[in-house]
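Colleague: I am new to this structure and would like to learn how to read it. Could you walk me through it?

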Amino acid sequence: MIQSISFIGLGAMGWHMASHLKKVSGQVYVWNRNFEKAKQHEQIFGTKAVSLQQAVQADIIFSCLPTSQNVENLLEIYSPKQGSIWIDCTSGVPDIAKRLNQKLKHQGVDYLDAPVSGQTVGAERGTLTVMVGGNQTAFEKARPIIQAFAGLIEYVGGSGAAFAVKAINNTLMATHLWALAEGLSILKSQGVNLHSAMNCINHSSGKSNVSEHIMMQRVLNRKFEKTFALDLLQKDIGIALNLVTQNNLQLPAFSLIQQQFNQISKPDAQQVDFSAIVKILEQKNQLELC
């Protein structure tokens, strides 16, 4: 019986995801590196801010940290209790998921890689897409808990499979953004009204989530609102390219996309939304997509 849930990492996504867990448990513990944020979460949502040592002792532990290495480092220091389930919502590395799965299995703990997609608005509304990899029995046990913040939950395979799906998904999103920006650059050079062009595209075969939402809400209105930092997308593209290399596949498009998105280096990439990469294309062509 699930008695307690903890959520480790209250970033842009985790803040909202953790807030939904009160629907399924009266005991929801939260921890964040900036502990003041955990205290704020407690005051607003009725969760309980706890130490990291206490957080890892819950029956269900969610982690949503910047990288897999952050999670692995944490588990070098703290050990969850036997019989618990660790659900890692980090956009992580498949090989590290497999390693953590084996490590925790020896401790009597199930590990699921469960990255999410749907942006902060999906996290706030509780409609995220959650892809899950790992032991299927553990997944079925965890499903009702995950459902608290999910619109779609899909089991995609063994340990590391969900991290792979997430990396490919985000690389495809990056590909759509860059390709659309190139297409709009051509139209801009032809004197075409881009808002009218987007209306046509979004009622035709060229539409995508990028054309329907991201391009309209961040680029054409010149807001470039930061909800997903560029360096995190760069990380996900890198994970996808590592899978290409590991499997000795000949897939040139992804390599080209990586080159484009790596044109902004850290720390600048940490400070801007991923959509700001469009500005590089604009500068090269001396035009503005608006």
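Predicted model: local features only at pLDDT ≥ 70, side-chain atom pairs only at ≥ 80, totals over all residues.

Colleague: How is the packing of two helices described?

Modeller: Two packed helices are described by the angle between their axes and the distance between the axes. Helices here are DSSP runs (H or I, at least four residues), numbered from the N terminus. Axes are lines fitted to C-alpha atoms over the stretch in contact, and angles run from 0 to 180 degrees between N-to-C directions. Take helix α8 (residues 161-189) and helix α9 (residues 194-201): their axes are 10 Å apart, at an angle of about 130°. That makes α8 oblique to α9; angles under 35 degrees count as roughly parallel, over 145 as roughly antiparallel, 65 to 115 as roughly perpendicular and the rest as oblique.

Colleague: Which residues make the contact of α8 with α9?

Modeller: From α8 come Leu-180, Leu-184, Leu-187 and Lys-188, and from α9 Leu-194, Ala-197, Met-198 and Ile-201; contact means heavy atoms within 4.5 Å. By class, this contact has seven nonpolar, no polar and one charged residues. Ala, Val, Leu, Ile, Met, Phe, Trp, Tyr, Cys and Pro count as nonpolar, Asp, Glu, Lys and Arg as charged, and the others, Gly among them, as polar.

Colleague: At what angle do α8 and helix α10 pack?

Modeller: α8 and α10 (residues 209-219) pack at about 75°, with their axes 10 Å apart, which makes α8 roughly perpendicular to α10. On the α8 side the contact is made by Met-173, His-176, Leu-177, Leu-180, Ala-181 and Leu-184, and on the α10 side by Val-210, Ser-211, Ile-214 and Met-215. By class, the contact of α8 with α10 has eight nonpolar, two polar and no charged residues.

Colleague: Which residues of α10 are buried?

Modeller: Buried means under 20% relative accessible area, exposed over 50%, and partly exposed in between (1.4 Å probe, protein chains only). In α10 the buried residues are Val-210, Ser-211, Ile-214, Met-215, Arg-218 and Val-219. Seen down the axis of α10, they fall within an arc of 120°, so they line one face of the helix; the arc is that of the directions from the helix axis to the C-beta atoms. Their cover includes α6 (119-125), α8, α9 and α14 (278-285).

Colleague: And what covers the buried residues of α12?

Modeller: The cover includes α8 and α11 (230-246). In α12 (residues 252-261), Phe-254, Ile-257, Gln-260 and Phe-261 are buried. Down the axis of α12, these residues fall within an arc of 115°, so they line one face of the helix. The face turned away from the buried side carries the exposed residues Pro-252 and Gln-259.

Colleague: Which peptide bond is cis?

Modeller: The bond from Lys-266 to Pro-267 is cis, with omega near 0°. Pro-267 lies in the loop between α12 and α13 (268-271).

Colleague: Where is Asn-248, and what is its phi?

Modeller: Asn-248 sits in the loop between α11 and α12. Its phi is near 55°, a positive value in a residue other than glycine. Asn-248 is exposed, with a relative accessible area of 64%.

Notes
Residues numbered from 1 in each chain as written. Heavy atoms only, no water. Helix = DSSP H or I, 4+ residues; strand = E, 2+ residues; numbered from the N terminus.
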